[in-house]
Amino acid sequence: MQTEILIYIILAGIIALSLALFQYSLKKKNRTSKSVLFAFLRFISIFSLLLLLINPKFEKISYYTEKPNLVVAVDNSSSVTHLNQKENTLQLVASIKNNKELSEKFNLDYFTFGNAIETSDSLTFLDKQTNIDKAFSSFLQIYKNTTSPILLVTDGNQTYGSDYVFSAEKVKQPIFPVILGDTITYTDLKLQQLNVNKYAFLKNKFPVETIVTYNGNNIVKSRFVVTSGNATVYSENVSFSATNNSRILNFTLPANRVGVQAYKAQIIPIESEKNTINNYKNFAVEVIDQKTNVAIISDFMHPDLGAFKKSIESNEQREVSIVTPNEYLSQKDNFQLVILYQPNNRFKPVFESLKESNANKFIVLGAKTDYAFVNKMTSDFKNDITNQTEDYQASLNTNYNTFIVDDLDFESFPPLQSSFGNATFSIPVETILNKKVGSVETQDPLLVTLETNGRREAVLFGENIWKWRAQSYLNTKSFNTFDNFIGKLVQYLASNKRRSRLNVDYESFYQGNTNVIVKAQFFNKNYEFDVKETLNISVKNKDTKETSTFPLILKGNNYQVDLSNLTAGAYDFTVKATNENISKSGSFQILEYNIEQQFLNANVTKLQQVATNTKANSYFIANTNTLINDLLKDERFATIQKSSKNVVPLIDFKYLLALLILSLAIEWFLRKYNGLI
């Protein structure tokens, strides 16, 4: 407490005592014992009131102990079962739970990881993927600035994600890998990788690249074969040795039929090969008979042009050409869709040609757009001409119902630069994105679609969309989500199919190690998204004729169903609205492939490297007793006593206020009782 405050308290005591004595002792001629009591009560009241006015502050120190955390992260993928380590893993988790010494020394936190990381100690070993990198990234956020050693129970075989050896160092915690598996080296042929495009074009040949590896010391010969149904479409003899242990095979296959064509690539197993599952891979190609050509027309260079081209061409069915207005006019019959990027008066012949042919188009407006020219050439909308620019962020309109739009976390995207002013439409439009200024969401459109006279159009009121594609990659570590968004917009604009009240979004084929998600949207007769409808999907296996029905769950602005539990095969499906006689059918194929069964051993080298880099030790599953003893004896994980100092003002003490009220009440009651009031 400061000296100045202490002096104030002493003065308050003197003042309170002086006033009390003056009122009940010095002024009274006949002083009695009651006067002394009244003076004492008055002193308490005045002194308490003055203390509250001075409001001194006191330091309150409290002590508590903090145990370190022990993070038990267990691999829940199917590779644990494939390596015959399921029982060992369950026994290890049980022994950790039942160890009282560990419970006394640590706060035990249990996690499982595979496709995702979850706070649970329930193990199924059914996950189809393993992402150890994602688990480490989560631990970095959860256990930042704490003492939290990590017990990593895994075989170390990661199927996707960044290299976890580097992400482990960022966690800043000792990581103790418990290695599931052995170090025995088996002779093995493996189809390591297969690269093929998703689409091919009728009457063409599509390239295929495969990488085949060999693990062993002897010279072996085998045969690489690609089959389609019962027919062999490609084969090649291959040989390997201890030094020549990999081959890259490049070949082409013909695309003779429209639709999804399924293939099986296989390296014939050698004798005594333990794992033959990794000798083959199924793949498919969708053969189409035409390609969508898109023209991006601009008379100046801008990063947006490259972003649009990359996004659209991520789908092999589409090809993009960046041309000037004059170049477009000389080859306009080659394109099914036109993107007009920031048009000016040089675009006049282009607008006239598009109007004459009633063609679909996508207009992108920005800071360099000639708005007076655009207003003159378009009758569907007019934009205010202010010669000023503004930065607008995007806000998704969840009621958009023309096609399914996933929320890409648009509000995290950088703002687009646009002309300051509003657009006025002369026909009904559907708004995908609204403009947002700071935290204020406006009703002005940023991206819209419209249909009139059999023509489809889209208008984007902003430039620098290349920043969105970059931000999407930072958010998801992939361009896929943004490219799919642009792809759906292009697909809508490149088609003139009649609008449907039931839209279904699905892939023609799914890899066996990916989630099989089918999405749908249902609209009422006014084409407003209907959240009250019940949608069901009936799925029929073409081979077994077995039929299953699943409900679609409302999620955001669409209905979804996860069919990942279906076995590999070809399926027909029908999505049907329960309350109305509306349905839509289609077909897809699930390719057989379990990436978790491609491994023969645990990845001992990487797990030991993780332990070394994080100043910890690695253990095989058979040495769990040593592991527990080492954790208990490690002095880095001692319980810490911590102190917390709080500065508390006197006015926060309710007892002093209660004392003030009590002293005043007693004094008033006694004075009343003795007839002094």
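1. Leu554 stands opposite Tyr559 of strand 32. Strand 31 and strand 32 (residues 558-562) pair in the antiparallel sense over three bridges; pairing requires that DSSP finds at least two bridges between two strands. Strands (E, at least two residues) and helices (H or I, at least four) are DSSP runs, numbered from the N terminus.

2. The model is predicted: local features need pLDDT of at least 70, side-chain atom pairs count only at pLDDT 80 or more, and totals for chains, interfaces and linings use all residues. Residues are numbered from 1 along each chain as its sequence is written, and side-chain values use heavy atoms, with hydrogens and water left out.

3. The open sheet has four strands in the order 26-28-32-31, with antiparallel pairing. Strand 26 (502-505) and strand 31 (553-555) are the edges, each pairing on one side only.

4. Helix 10 (residues 348-357) buries Val350, Phe351, Ser353 and Leu354. Buried means under 20% relative accessible area, exposed over 50% (1.4 Å probe, protein chains only). The buried residues fall within an arc of 165° seen down the helix 10 axis, so they line one face; the arc is that of the directions from the helix axis to the C-beta atoms. Lys355 and Glu356, on the other side of helix 10, are exposed.

5. What covers the buried residues of helix 10? The cover includes strand 15 (292-297), helix 9 (325-330), strand 17 (337-341), strand 18 (361-365) and helix 11 (371-377). Contact means heavy atoms within 4.5 Å.

6. Asn358 follows helix 10 and has a positive phi, near 55°.
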